[in-house]
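Please find below a colleague's note, meant to be read beside the sequence and the coordinates.

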Amino acid sequence: MVSMRMIRIALLLSTCPMLSQALMSPLLPQHGSLPAFTFPRHMKRPYASLPSQSAAAWSNSALFMALDDSMMSRLENIRRSYMALTERLGDPDVIADSTLLMKVMSDRSQSEEVVNTYENYKQLLQELEEARGLFQDAGDDPELKEMAREEIKLIEPQLEDLEEQIKVLLLPKDPNDNRNIMLEIRAGTGGSEASIFAGDLVDVYRKYITSLGWQASIIDFSPGDDGGYKNVVMEVKGDKVYSRMKWEAGVHRVQRVPATESQGRVHTSTATVAVMPECDEVDVKIDPKDIEMSTMRSGGAGGQNVNKVETAVDLLHKPSGIRIKCTQERSQLKNKELAMKMLMSKLYDIENEKREMEERARRGSQVGTGGRSEKIRTYNWKDSRCSDHRLGQNYPLSQFLNGDLSSMHDEMIAKDQEELLRALSEEKAAV
């Protein structure tokens, strides 16, 4: 493919005979006369429908609006930071420290997509500048003008797409998106049917978690009288778990004929899902004086140790009234550690929910609060329909039951990004 630079050189030679002769004369004795420069056939296309435009019109084209100076400056800073982190990966001191190496790699990966997109953007900007320069230098040559015009038409939409990608990539990130989570599913109204439905949700989430290569383990549960769970807590680990699972937080409503219904009547039941990002002592400070702990025998399977030794732990956080009972592990110490981990996640989630509600209220968000009292979906068995109330869309019930939640989450992420862009645009216009 002939580059814009080659075409411009050929154009310069064709319009300056003396320069062409001076440059080419050393070659003529060896090769004879040089053939005239011809443009590739694939670039010779009719453009009868394209209106003729001046060079000034192309240079001021309304089809493309470049990123502003502040955003370009920010992108340059990100690129410099990325290059510095790349250099650190070759530092012997960094390589020798596995913890530091992992941190540098993690920090670098967070800006890699931004930098790559920015580099592509700059490359296209350069190509656009060359194409516009060719249009200006073409003079009265209609063929060159048409070729430059087509090149500009091809480049500008690509630049617009990259510009939108960059704006999305630079949106404020949820600081919890990279965290693992504690997933709590609690049966709501509906008696035994609510517990059975909570069990159905556990099955769906397990399928989804497996499809993404994440890992999940149940760390606490209370079985329902007729199956399912009255309450279950799962620990989910993987890549950016919270960034997707946070869209499941809220009230899930089911409309169906329960297995326990003898007269075939449709019942409405609910289950509440809480998605709590994992945290540590740095995120949440707990005064030991605020904790009241008691121990007991776990009972059930596990041998004489759990039946005769007080391995179960019951924690009460007095300021919040949160009580956590943990019986999963075979030792009291491990159950205490697990209970504290769950308590910290719950306390962090409470503060996180307050911050998110304030932020969404500030920007008038329509995506939803993500709060536990918000009804987010209804599952109608009779119509085989899953309705997401935040998106205002229906999905096949079978899609949800098979654990295929990716499209729903992608739609939620896109809507959230759209609202962030709108809010930033309004703030910028107000300044």
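1. Basis. This is a predicted model, in which local features need pLDDT of at least 70 and side-chain atom pairs count only at pLDDT 80 or more, while totals for chains, interfaces and linings use all residues. Residues are numbered from 1 along each chain as its sequence is written, and side-chain values use heavy atoms, with hydrogens and water left out.

2. Overall content. The protein chain comprises 14 helices and 11 strands, where helices (H or I, at least four residues) and strands (E, at least two) are DSSP runs numbered from the N terminus. Of its 431 residues, 39% count as buried, a term that means under 20% relative accessible area, with exposed being over 50% and partly exposed in between (1.4 Å probe, protein chains only). Among contacts between residues at least 6 apart in sequence, 64% join residues at least 24 apart, contact meaning heavy atoms within 4.5 Å.

3. The eight-stranded sheet. An open sheet with mixed pairing has the strand order β2-β3-β1-β5-β4-β9-β10-β11, two strands being paired if DSSP finds at least two bridges between them. Strands β2 and β11 (393–396) are at the edges with a single partner strand each, so one side of each has no neighbour in the sheet. The twist from one strand to the next averages 20°. Within this sheet, β4 (residues 250–256) and β9 (residues 375–380) pair in the parallel sense over five bridges, and V251 stands opposite K375 in β9.

4. The hairpin. Strands β2 (residues 215–223) and β3 (residues 229–237) run antiparallel and are joined by eight bridges, with V236 in β3 as the bridge partner of A216. The two strands form a hairpin with five residues between them, and G227 in the turn has a positive phi of about 110°.

5. The three-stranded sheet. A further open sheet has the order β6-β7-β8 with antiparallel pairing. Because β6 (291–296) and β8 (322–326) each have a single partner strand, they stand at the edges, and one side of each is left without a neighbour in the sheet. Neighbouring strands here are turned by 15° against each other on average, direction ignored. Strand β7 (residues 312–317) pairs with β8 over five bridges, and H317 stands opposite I322 in β8.

6. Helix packing. The axes of α5 (residues 69–88) and α7 (residues 98–137) come within 8 Å and cross at roughly 135°; axes are lines fitted to C-alpha atoms, for helices over the stretch in contact, and angles run from 0 to 180 degrees between N-to-C directions. The two helices are therefore oblique to each other, since angles under 35 degrees count as roughly parallel, over 145 as roughly antiparallel, 65 to 115 as roughly perpendicular and the rest as oblique. The residues of this contact divide into 12 nonpolar, two polar and eight charged, with Ala, Val, Leu, Ile, Met, Phe, Trp, Tyr, Cys and Pro counted as nonpolar, Asp, Glu, Lys and Arg as charged, and the others, Gly among them, as polar. Elsewhere, α14 (residues 406–430) lies across β9, β10 (385–388) and β11, running at about 160° to β11.

7. Backbone points to check. Most residues other than glycine have a negative phi. K240, although not a glycine, has a positive phi of about 55°; K240 is found in the loop between β3 and α10 (241–245) and is partly exposed, with a relative accessible area of 43%. S384 likewise has a positive phi, near 50°; S384 is in the loop between β9 and β10 and is partly exposed, at 46% relative accessible area.
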